[in-house]
Amino acid sequence: MPHLLKLPQNQVGRDFVVGDIHFKTRELHKGLLALGFDKSVDRLIAVGDLIDRGPGMLDGLKLLGEPWFFTVKGNHEQMLIDAYRANPHLPYSAHGARWWLTIDDESKPMVIDKLDSLPMAIEVETAQGVVGVVHADVPVGLAWNDFTQSLENPQIQDVALWGRERIKKHHRGGVPGAWRVCVGHTWIPHSLRLGNVLALDVTGGGDGPLAIYSVHDDVVYVDGKASGLDQAERLGEQLKELEQSLTSLKTLAHANKLIETQIASREAEARVQQITSSWLNLADDMAGMQQLINALHGLSLLSGERRSAKLEELQGRYGGTPTGELLIRLFDGSTE
């Protein structure tokens, strides 16, 4: 199968892109339900790492046969493929792959062939432009078309499956030639926008809901709610739109165009309401983050049993959330 899969524009439904699923199918379906996902017309594109770590093995593998589901190949798929190709009899269970030991030997070649047929990148046509999907990253400075035309190159494949430079160094230059590019692989506590690149792996296969990007809304949702960092980006865009509306309103008013002025006034009022709503949601998130920062600062001043008790309290308070997962990774020595 070619390394690039091109999907035509969805003329009848919506398109969504989800972060690393890792067999967390219960969280996936919960997130889709909150967004009113319609399997008859909508499409879901995944950033890879469908397999490993989570409990929903059967449901996860069934997704590969659904007509509304598409995914690129992730590094977890590639590791399993490489291990099986090297030694089909190896009891492979690394990196959360113990589920592989439960697959009967007769079925394993079929699963491997299916995973190996997955594209390295997916390109979705939209009214706004191309939305690219790749598991880990596009080499910094490389345009989308140059990237997709170079997918036979092992070095490019390595970045596509394993790259972390853009997210770890917060390169905001984006990927030229694409409207949006969605990636996963690198675990972050909240979804992140770096130019036109959206980083969506907010769980790393751990506890918590998945991040789902709505192409139609250009918004990242978690359990049906716009994510905090995404709201900040949208707030900036809404302020620019309001500025344009007010400039237009001023021009129409000076020209004594009464009807057009009334229409423009209502549009500006609607934008003010949107901005107010976005700000209130963002303010709540900022207040919650400040509370967490204050708690971590207090934790840093403690030691011994008092520190352990405070940490246990924080983990209990944020249990089952991306913040709780972050605390576990920071203080329990867990790795991605």
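Predicted model: local features only at pLDDT ≥ 70, side-chain atom pairs only at ≥ 80, totals over all residues.
## The six-stranded sheet

The model also contains an open sheet of 6 strands with mixed pairing. The order of its strands is β4-β3-β2-β10-β11-β12. The edge strands, each pairing on one side only, are β4 (69–71) and β12 (225–226).

Val 222 has Lys 225 in β12 as its bridge partner. Helix α1 packs on the sheet, where it touches β2, β3 and β10. The direction of α1 makes about 35° with that of β10.

## Helix α1

Helix α1 spans residues 25–34, and its buried residues are Thr 25, Leu 28, Gly 31 and Leu 32. Seen down the helix axis, the buried residues of α1 fall within an arc of 125°, so they line one face of the helix. An α-helix has 3.6 residues a turn, so residues three or four places apart point the same way. On the other side of α1, the residues Arg 26, Lys 30 and Leu 33 are exposed.

What do the buried residues of α1 pack against? Their partners are the strands β2 (15–18), β3 (43–46) and β10 (211–214), together with helix α2 (57–63). After α1 comes Gly 36, whose phi is positive, near 65°.

## Aromatic residues

The count of aromatic pairs comes to 7. One of them is formed by Phe 37 and Trp 68, an edge-to-face pair with 5.4 Å centre to centre and 65° between the planes. This pair links distant parts of the chain, 31 residues apart. Phe 37 lies in the loop between α1 and β3, and Trp 68 in the loop between α2 and β4. Both Phe 37 and Trp 68 are buried.

Phe 37 and Trp 68 also belong to one aromatic cluster, together with Phe 16 and Phe 69. Elsewhere, the ring of Trp 179 has the charged end of Arg 180 sitting over it, 4.3 Å from the ring centre.

## The loop around His 170

His 170 is found in the loop between α7 (165–168) and β7 (180–183). Is His 170 buried, exposed or partly exposed? With a relative accessible area of 44%, His 170 is partly exposed.

Leaving aside residues up to four places away in sequence, His 170 touches Glu 165, Leu 192 and Leu 194. Ala 127 is 43 residues from His 170 in sequence, and the two are 28 Å apart in space, C-alpha to C-alpha.

Asp 218 is a residue other than glycine with a positive phi, near 55°. Asp 218 lies in the loop between β10 and β11. With a relative accessibility of 8%, Asp 218 counts as buried, because buried means under 20%.

Asn 256 is another residue other than glycine that has a positive phi, near 60°. The loop that holds Asn 256 lies between α8 (228–254) and α9 (258–300). The relative accessible area of Asn 256 is 69%, so Asn 256 is exposed, the cut-off being over 50%.

Key:
Residues numbered from 1 in each chain as written. Heavy atoms only, no water. Buried < 20%, exposed > 50% of the residue type's maximum accessible area, 1.4 Å probe, protein only. Helix = DSSP H or I, 4+ residues; strand = E, 2+ residues; numbered from the N terminus. Arc of directions from axis to C-beta. Contact = heavy atoms within 4.5 Å. Pairing = 2+ DSSP bridges. Axes fitted to C-alpha atoms, helices over the stretch in contact; angles between N-to-C directions. Phe/Tyr/Trp six-rings, centres within 6.5 Å; stacked < 30°, edge-to-face > 60°. Lys NZ or Arg CZ within 6 Å of the ring centre and 35° of its normal.
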